[in-house]
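Take a moment with the model below.

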Amino acid sequence: MISEFETKLLGIMMIVIMLGMGASLTWRDFLIAFRKPKGVLVGILCQYGIMPLLGFLLAQALGLSPALTVGLILMACMPGGTTSNIFTYFSKAVLALSIMMTSVSSLVALGMVPALLEFYSQMAGLEGDFKIPAGNVAQVLFVLLVPTVLGMVLRKLSPNIGATVELLGGFLGVVVILFLLLTWVPRNHMLLASTPWYVFFSAIGLGVFGITLGYVLARLFKQDPNRSRTIALETGIQNGPLAVLIVTLTFTGVMQQEVLLIPVLYSLFIVITSSIITVFFRRKSIQEALARDRAKDGSVMAS
């Protein structure tokens, strides 16, 4: 399902993306986030509260096999993906909040992902060969923290170099994801044709339900519609390439192929579903902006 070349490409892509994400950050960003932490905290609650629980419930409700359950729970426990920043930008939501949420969720992933994976694996009754060792996940996440910190150092030493690395990371991420999709789908069209409906439902539903629940929870916590749309996209768009990388480094043979199915399908369809949702969000953002402008014009004329 994933060739050796694609596995290496994924590893390189993750390093460059984390380097670019680090280059997009300054220590001042964290200070600002800590002064007004509500949006980020709501996002983290959605990321590590809603998504893992949603993945577990979907696996139980659909009666997925142990291999598929492992893949779905792993995918649900992942931190936010950097592609959420791109969709946030095009939806005219709050890009600064999106970047901060992606960064914080990636940084706290070192502790949260292994703990959540262990908890929900036990809840699902996964053991033996079907269990992903928490130490393996922590090692991968720790390695990926290094380029993140390095990117922040580069930004501090030279803002111009930092900005270049940031753009390179985002651009390469999009290019590699598109390349993998364009090469993977034709090669695995028979697999897609024979995959049961409930596997597609779990892979697509994780993203769609995650975005919906993220928006609802953000509104319940008194976030405005635009910030709520940002949190929604951050919640539903998980780091699919990271999940694929963890699976390829943990499993081998037939089991690897079975566990990989949902992370790969999720990564494929989240691009499609997020694009559709982004069009809807963008229209809402434009309508709200026009309404605010009309309100300002009315108040000026009245005065």
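Begin with helix α12, which covers residues 240-250. This helix is mostly covered: 9 of its 11 residues are buried. The buried ones are Gly240, Pro241, Leu242, Ala243, Val244, Leu245, Ile246, Val247 and Thr248. Keep in mind that this is a predicted model.

What caps the N-terminal end of α12? Asn239 does. One of its side-chain oxygens lies 3.2 Å from the backbone nitrogen of Leu242. Leu242 is itself among the buried residues of α12.

Now step back to helix α11, residues 225-236. Asn226 lies in this helix. Is Asn226 buried or exposed? Its relative accessibility is 19%, and buried means under 20%, so Asn226 counts as buried.

Look at what surrounds Asn226. Its side chain makes a polar contact with the side chain of Ser285, at 3.2 Å. Leave aside the neighbours within four places in sequence, and Asn226 is in contact with Lys92, Ala93, Val94, Ser285 and Glu288.

Follow that list to Lys92. This residue sits in the loop between α5 (83-90) and α6 (95-123). Lys92 is partly exposed, with a relative accessible area of 42%. Its backbone deserves a look too. Most residues other than glycine have a negative phi. Lys92 is not a glycine, yet its phi is positive, about 60°.

Lys222 also has a positive phi, near 65°, and is a residue other than glycine. Find Lys222 in the loop between α10 (197-220) and α11. Its relative accessible area is 70%; exposed means over 50%, so Lys222 is exposed.

Now zoom out to the fold. How many helices and strands are there in the chain? The count is 13 helices and 0 strands.

The overall dimensions come next. Along its principal axes, the C-alpha trace spans about 70 × 45 × 35 Å. A compact globule of 303 residues would have a radius of gyration near 19 Å; the chain has 19 Å, so the two agree. Of the 303 residues, 51% count as buried. Contacts reach across the sequence as well. Among those with a separation of 6 or more, 85% join residues 24 or more positions apart.

The chain exposes about 14300 Å², and carbon and sulfur atoms supply 71% of it. As for charge, the chain has 20 positive and 13 negative charges, and their mean positions are 13 Å apart.

Key:
Residues numbered from 1 in each chain as written. Predicted model: local features only at pLDDT ≥ 70, side-chain atom pairs only at ≥ 80, totals over all residues. Heavy atoms only, no water. Helix = DSSP H or I, 4+ residues; strand = E, 2+ residues; numbered from the N terminus. Rg over C-alpha atoms; globule rule 2.2 N^0.38 Å. Buried < 20%, exposed > 50% of the residue type's maximum accessible area, 1.4 Å probe, protein only. Contact = heavy atoms within 4.5 Å. Areas by Shrake-Rupley, 256 points an atom, 1.4 Å probe, with all protein chains shown as cover. Lys, Arg positive; Asp, Glu negative; His and termini not counted. Charge placed at Lys NZ, Arg CZ, Asp CG, Glu CD. Polar contact = N/O pair within 3.5 Å; in protein donor to acceptor, adjacent residues only side chain to side chain.
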